[in-house]
Each structure stands twice: as C-alpha cells, then as structure tokens.
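I opened the model and kept notes as I went.

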Amino acid sequence: MPKQSSSGTSTGNGAFEVTKVSNLNCIDLSSSDIQRSVSLLKQACLDCGFFYVINHGISEEFMEEVFDQSKRFFTLPLSEKMKLLRNEKHRGYTPLLDELLDPNNQVHGDYKEGYYIGVEVPVDDPEAEKPFYGPNVWPTTDILPGWRDTMEKYHQKALEAARSVARIIALALDLEIDFFDKPEMLGQPIATLRLLHYGGDISNPSVGIFGAGAHSDYGLITLLATDNVLGLQICKDKDAKPQVWEYVPPIKGAFIVNLGDMLERWSNCIFKSTLHRVLGNGQERYSIAYFVEPSHDCLVECLPTCKSEENPPK
C-alpha cells in the first residue's frame with residue numbers, strides 16, 4: 001500500500017492546498033475472515049466511503065481485454081464515434097467537454113470522452129419505457145468485432161462483484177447479508193458501465209480546468225477499474241477551507257469502490273459519499289466506471305439499523 005506523502009500546490013487565490021496520497025483500506029473478497037472484511041469496510045465507509053477491493057472474481061487477463069477493447073473504440077475517427085452519440089436513454093458516446101460536473105469551478109466541460117452501456121432491455125419490452133432501461137447503442141461488428149460480447153460479459157461480471165461488495169456493506173450496516181440481493185434492489189438493478197478516456201491534457205484547478213470536475217456519485221456504489229496513471233483525487237471534507245485533496249493511487253487488479261449519495265441517505269448519513277475529481281497530468285488515462293443503483297421499484301428510506309432516539313431519520 002502506498003505510504004502517505006504530501007506536496008503543496010497553490011490554489012491561485014492565496015490559499016494553499018496540500019495534496020496527499022490517500023491510504024485506503026483494502027477488502028479481499030476471497031478472504032474467509034468475513035468479520036475482518038466487514039470491519040475494514042465499515043471503517044472506510046465511516047471515514048470517506050472509498051476503499052479498494054481485490055480478488056473480485058474478474059481475471060487480470062479479461063480486464064486487459066476490456067481495456068484493449070475500450071482503447072480500440074476511443075482511437076476510432078471522431079466521425080465514427082459521433083455516429084454513436086448518446087441518446088435519451090444515456091447510451092452511447094459522450095464527446096470531449098460534453099460533461100460539466102462542477103459548474104461553479106469549471107470554465108468548460110471535462111477533458112474526457114466516454115461511452116455508456118446500460119442494462120440491455122429490448123425496445124418492445126414494457127420495462128424499456130422506464131428511465132435508464134432500453135436497448136444499448138453498439139458499434140457495428142465490421143468496425144469493432146467482438147466488442148459488444150466483451151462489454152456485455154464485463155457488465156455481468158462487474159454486477160456479480162458489486163453484489164459481493166453489497167453483501168459486506170449490508171453486514172457493516174447490521175442488516176441481513178442478503179438485504180441488497182432482493183429483486184427490487186440488486187436483483188434487477190439499474191447498472192451502467194461507462195468507458196472513459198482522458199486525453200493528454202494537463203489540468204489546472206486554479207483556472208478551472210479539470211479532467212473531471214469535483215462531484216459525488218448519486219447512486220448506491222461505483223466500481224472503478226483504472227490503468228496505472230495517477231489522476232483520481234478525493235476530498236474527505238467538502239466544507240474545509242481550503243479543501244484538501246488526496247490522490248488515490250491505482251493498484252493493479254483492484255477495483256476502487258466508492259459509495260454514492262443514495263447510500264449516504266439510506267444510512268441516515270452514517271456512511272459517506274465523498275467528493276472526487278480527476279486531474280490530468282499530461283498522460284493519457286483510461287478507466288472503466290460501473291455505477292450500481294437498485295431498481296426503479298425500490299423504496300429508499302432510512303434503514304432500520306441506522307436510526308435511534310438520538311439519531312432520528314433525517
């Protein structure tokens with residue numbers, strides 16, 4: 001695990017921002033010591049809502065294949081990618097500068113391009129009328145043979161890994177281990193795979209230029225696979241002046257997992273959903289985010305184990 005170190009950078013307004021390397025807890029999904037896993041995860045969720053997950057059931061060989069296929073897409077000519085532009089169901093290609101995550105601090109959109117792949121629902125299925133459900137947008141097989149197969153396989157494998165993480169989260173919240181496995185939760189989830197490519201741009205927070213602006217995710221949990229290029233930062237206390245940002249170093253073969261706003265609310269704000277952003281350092285960077293939420297039919301209200309007379313539902 002990387003040792004903590006720090007270096008200073010001016011924020012441009014006279015304040016001094018300390019950049020550290022974060023030392024996150026690491027959860028081994030193959031471990032037989034479930035109590036240790038629960039303890040490590042709970043500590044992480046109370047602290048910052050970010051942790052690593054290893055031995056998650058997806059081989060390094062397959063992860064490399066997914067990254068290779070992602071690169072194959074992003075190296076296509078822009079004219080080809082624009083044919084697959086994101087539709088109203090949030091499927092397909094999002095160009096450079098398309099997304100503005102932190103409008104108060106960004107001068108323009110993120111220096112990244114992306115591709116959304118959701119739960120595949122046929123257009124004639126009644127479920128397809130719901131937001132985030134419907135058919136995906138796919139590149140043609142003559143341009144990217146095998147691409148769809150790889151992404152659909154990854155979508156399924158990542159969902160299994162997310163369910164495994166959710167079982168440990170359930171135990172950390174003093175719930176039954178299968179609490180999140182119910183059909184209306186992760187039995188039939190809204191799960192979105194997003195391929196991301198950051199060009200070789202250099203971010204400059206003091207003038208509002210970011211690879212990805214500061215934001216928290218809005219769902220249940222996010223599983224992030226990334227290459228070995230440093231870029232992701234977290235801010236454990238969003239109200240601090242100035243904000244202190246820590247780098248989250250990539251670990252080969254590990255997911256970086258973070259909690260979303262929905263789980264923070266579900267847990268009565270006991271667990272944390274934390275601000276994060278991406279700074280470009282002049283190197284290309286690829287990552288693959290997998291966003292997991294329960295189904296449309298799930299009622300989200302304060303969990304029974306997260307309220308008391310001293311801590312009533314917010």
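This is a predicted model: local features need pLDDT of at least 70, side-chain atom pairs count only at pLDDT 80 or more; totals for chains, interfaces and linings use all residues.

How many bridges join β10 to strand β11? I looked it up and found two, with the strands running antiparallel. Strand β10 covers residues 232–235, and β11 covers residues 245–247. I took strands (E, at least two residues) and helices (H or I, at least four) as DSSP runs, numbered from the N terminus. Two strands pair if DSSP finds at least two bridges between them.

Residues are numbered from 1 along each chain as its sequence is written, and side-chain values use heavy atoms, with hydrogens and water left out.

Back to β10. I checked its pairing with strand β13 (residues 275–278): antiparallel, over four bridges. Gln233 stands opposite Arg277 in β13. On the β11 side, Ile234 stands opposite Glu246.

Next I asked which residues cover the faces of β10. Leu232 and Ile234 lie on one side, Gln233 and Cys235 on the other, and all are buried. My cut-offs: buried is under 20% relative accessible area, exposed over 50%, partly exposed in between (1.4 Å probe, protein chains only).

I then stayed with Ile234. Ile234 counts as buried because its relative accessibility is 0%. I listed its contacts (heavy atoms within 4.5 Å). Leaving out residues up to four places away in sequence, Ile234 touches, among others, Ser22, Leu24, Cys48, Phe50, Trp245 and His276. I also took a C-alpha to C-alpha distance: Ile234 and Gln69 are 28 Å apart in space and 165 residues apart in sequence.

Core search next. I used sets of buried Ala, Val, Leu, Ile, Met, Phe, Trp, Tyr and Cys residues joined through side-chain atoms within 4.5 Å. The largest nonpolar core has 63 residues, and Phe51 and Tyr115 are among those touching the most other members. Helix α4 (residues 147–172) gives the most to this core, 13 residues. A second, separate core has 15 residues, including Leu24 and Tyr198.

Beyond four places in sequence, its contacts include Leu24, Leu41, Val165 and Phe255.

Last entry: Met82, in helix α3 (residues 78–82). Met82 counts as partly exposed because its relative accessibility is 36%.
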